[in-house]
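Hi,

Here is the structure I promised to pass on. My notes on what turned up are below it.

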Amino acid sequence: MAVLTGISMLITRKLCPDVPPNRWRTMLEVIVQGIQSQIEEISRRPSRNLLYFVGTLFLFIATSNLMLVMPGFDPPTASLSTTAALAFSVLIAVPLFGMTSRGVGGYLKTYMQPSVIMLPFNIISEFSRGISLAIRLYGNIMSGAVIAAILLSVAPFFFPVVMDVLGLLTGLIQAYIFAILATVYISSATADPSTSKTEKKTQ
């Protein structure tokens, strides 16, 4: 994260309307706008606050996974402790965004929908989301690193190149899936119930 922050500060140090953007600033703006459009497409409303959280998650996971191609470097996302920490941050962010959008009482009532009997099941569902996020990301990245190590010992000149290409693709896909799922969980916590009912009636 320190590297990403440093690069962003370096690119935007001369941020001024009078100064034309260089290619690095243009590339950074394209990435940020791409993430924002994906978030707005899923949540179906302006969500600049989500951009800061989900965008940070995506860039950190994608950068970590892409560094898999560096010889001797183990991506942080191949460790269960890292993926668990990322999933825990999503678990914390979901109620925070929900309480900010609906209020504390309004958000807590969602745990008792459609009836009070569902309270323990909704709580278990909330924690199972975090566990699935951590296990999915850890399992995919760790298995890719293990397979690459095995193939490296079998054919050290051919398979590593193929596995590196597949690793880049898998790493980006996993970062995208993690960010999308986090957006879906937060959007469901912040969705306006009256709007949802109206949409269902119109359907």
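**The core**

Val90 and Phe178 touch the most other members of the largest nonpolar core, which has 31 residues. A nonpolar core here is a set of buried Ala, Val, Leu, Ile, Met, Phe, Trp, Tyr and Cys residues joined through side-chain atoms within 4.5 Å, and buried means under 20% relative accessible area, with exposed over 50% and partly exposed in between (1.4 Å probe, protein chains only). α3 gives the largest share of this core, nine residues. Leaving aside neighbours within four places in sequence, Phe178 is in contact (heavy atoms within 4.5 Å) with Leu57, Ile61, Leu86, Ala87, Val90, Leu133 and Leu137.

Before you go further: this is a predicted model, where local features need pLDDT of at least 70 and side-chain atom pairs count only at pLDDT 80 or more, while totals for chains, interfaces and linings use all residues. Residues are numbered from 1 along each chain as its sequence is written, and side-chain values use heavy atoms, leaving out hydrogens and water.

**Aromatic pairs**

There are two of these (ring centres of Phe, Tyr or Trp, the last by its six-membered ring, within 6.5 Å; planes under 30 degrees apart are stacked, over 60 edge-to-face, the rest tilted). Phe53 and Phe97 make a tilted pair, 6.3 Å centre to centre with 50° between the planes. Tyr107 and Tyr111 pair edge-to-face, at 5.4 Å and 90°. Tyr107 is buried at 3% relative accessible area, and Tyr111 also counts as buried, at 14%.

Cheers

Terms used. Helices (H or I, at least four residues) and strands (E, at least two) are DSSP runs, numbered from the N terminus.
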